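Here is a briefing on the fold of one chain. Look over the sequence and the structure first, then take the points by topic.

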Amino acid sequence: MTTSTPLSTAPADLIAINGTDHVEFWVGNAKQAAYFYQKAFGFQIVAYAGPETGVRDRASYVLQQNKIRFVLTTALVADHPVSKHVLDHGDGVRDVAFWVEDAVKAFQLATARGARTVREPFVLEDAHGKVTLATVATYGDTVHTFVQRDGYEGVFLPGFVPRQGLDVPSTGLAYVDHLVGNVGWNEMNTWVEFYQTVFGFHHFANFDDKDISTEYSALRSVVVANHNERIKLPLNEPAEGKKKSQIEEYIQAYGGPGVQHLALVTPDIVDTVRKLKANGVEFLSTPDSYYDSLAQRFEGLEENLDELKELGILVDRDDKGYMLQLFTKPLEDRPTLFFEIIQRKGSESFGKGNFKALFESIEREQDLRGNL
Ligand code: FE2
């Protein structure tokens, strides 16, 4: 008799989620988006599905950098869910897929606890093995697909073929630290409860409008995490300020709730940000005054202060250590999804101490767009 050791030690009544399997973006032109994420961020194309592989209605490129896996999917016809999604939202995150041990059980538990069915469990199979998938809805038009791999040995999922793209150097991005959802006015607690009830996530941290309001751009945020804390999902809602909250600007631009940003971890933020800037990635600016008292506030900082200032990198700390972070400008013309580049040195902070400087920077951009 053989036994297998489960990767997850979640209690039996919880959905055993090991981590994020992949993040799928629905976009207007996947070929061009793939070029952007390769050239600008250093991702490598590893797999593809489309007309050449027998898929008639869409094309998908799988991009990878260390443990980060993105799927970029576009529709090839007008009457298609991807086309409708792009019409409504512009390019954005459709699916935050969870890697699970048992997709059928995960689906049954989630739907029994109130998640809406998007797709019932189904099996994809090819010469490399089989994968079981099932999809449930979350905020807005965003979904979570449960992915049960059972030791599948193909390049991504059955139906995808290996594909090489450009030979681009990595920028050092290693894994997703957290993934943030923006929801509407007074909807945050509903969605916190949803993740707690449906997926068994727990409360990880919260920030109220006193932590994160500037003169104008207020928001509230609660972070929920799965049992092993590999998945951390902050949920933001707008709060009353003097002018339009940045969360409200997002919701108007995206046409509803959706994924606001992905925080991508690097082991060397100075090196990564230097490479990203050289590749043309645009970041929010940090005023020079931010660095005036930084050395006093952060004794024992291992980084060179002049380099942090030159690159505009922000620093925050908690009782466990410190962290460094920097935010890109939106990655689309609509002010919607952006990336955060983050390096953690012990700290579990999400950058609370930087919210004021950061939001003032966001407000300068909002003002330029006429949305403040
Ligand atoms: Fe973040």
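## Contacts of Leu72 and the core

Leaving aside neighbours within four places in sequence, Leu72 is in contact with Phe25, Val27, Ala30, Ala33, Ala34, Ser60, Tyr61 and Leu63. The model is predicted, so local features need pLDDT of at least 70. Leu72 also belongs to the group with the most contacts inside the largest nonpolar core.

**Nonpolar cores**

- The largest nonpolar core has 96 residues.
- The residues with the most contacts inside this core are Leu63, Leu72, Val100, Phe146, Val147, Tyr195 and Leu264.
- Helix H4 (residues 188–199) gives the most to this core, with 7 residues.
- Domain 1 (17–162) and domain 2 (175–369) both give residues to this core, so the core lies between them.
- A second, separate core has 7 residues, among them Ala218, Leu219, Ala239 and Ile251.

**Domains and their contact**

- Across the boundary, 26 residues of domain 1 are in contact with 29 residues of domain 2.
- On the side of domain 1 that touches domain 2, the elements giving two or more residues are strand S1 (17–26), helix H2 (81–89) and strand S5 (92–100).
- S1 gives the largest share of that side, 4 residues.
- The residues of that side of domain 1 divide into 10 nonpolar, 10 polar and 6 charged.

**Strand S4 and its partners**

- Why is strand S4 (residues 68–75) described as largely enclosed by the rest of the structure? Of its 8 residues, 7 are buried, so the rest of the structure largely encloses S4.
- S4 pairs with S1 in the parallel sense, over 4 bridges.
- Glu24 has Val71 in S4 as its bridge partner.
- S4 also runs antiparallel to strand S3 (residues 58–65), and 8 bridges join the two.
- S3 and S4 form a hairpin with 2 residues between the strands. There, Asn66 takes a positive phi near 50 degrees.

**The sheet of 8 strands**

- This sheet is open, with mixed pairing and the order S11-S12-S13-S10-S14-S17-S16-S15.
- Its edge strands are S11 and strand S15 (314–318), each of which pairs on one side only.
- From one strand to the next, the twist averages 25 degrees.
- Strand S10 (residues 175–182) and strand S14 (residues 258–265) pair in the antiparallel sense over 7 bridges.
- Val176 stands opposite Leu264 in S14. Leu264 is also listed among the residues with the most contacts inside the largest core.

**Strand S12 and its neighbours**

- In strand S12 (residues 219–225), 6 of the 7 residues are buried, so S12 is largely enclosed by the rest of the structure.
- Strand S11 (residues 202–207) pairs with S12 in the antiparallel sense over 5 bridges.
- Asn206 stands opposite Val222 in S12.
- S12 pairs with strand S13 (residues 232–238) in the antiparallel sense, over 7 bridges.
- Ala225 has Lys232 in S13 as its bridge partner.
- S12 and S13 form a hairpin with 6 residues between them. In the turn, Glu229 has a positive phi of about 60 degrees.

- H5 is mostly covered, with 7 of its 9 residues buried.
- The buried residues of H5 are Gln246, Ile247, Glu248, Glu249, Tyr250, Ile251 and Tyr254. One of these, Ile251, is also in the second core.
- Gly255 follows H5 and has a positive phi, near 75 degrees.
- Helix H6 (residues 269–278) lies across strand S16 (321–327) and strand S17 (338–345). H6 runs at about 160 degrees to S17.

Note on methods:
Residues numbered from 1 in each chain as written. Predicted model: local features only at pLDDT ≥ 70, side-chain atom pairs only at ≥ 80, totals over all residues. Core = buried A, V, L, I, M, F, W, Y, C linked by C-beta atoms within 7 Å. Buried ≥ 20, exposed ≤ 12 C-beta atoms within 10 Å, placed from the backbone. Domains from an automatic or database assignment. Contact = placed C-beta atoms within 7 Å. Nonpolar A, V, L, I, M, F, W, Y, C, P; charged D, E, K, R; others polar. Pairing = 2+ DSSP bridges. Axes fitted to C-alpha atoms, helices over the stretch in contact; angles between N-to-C directions.
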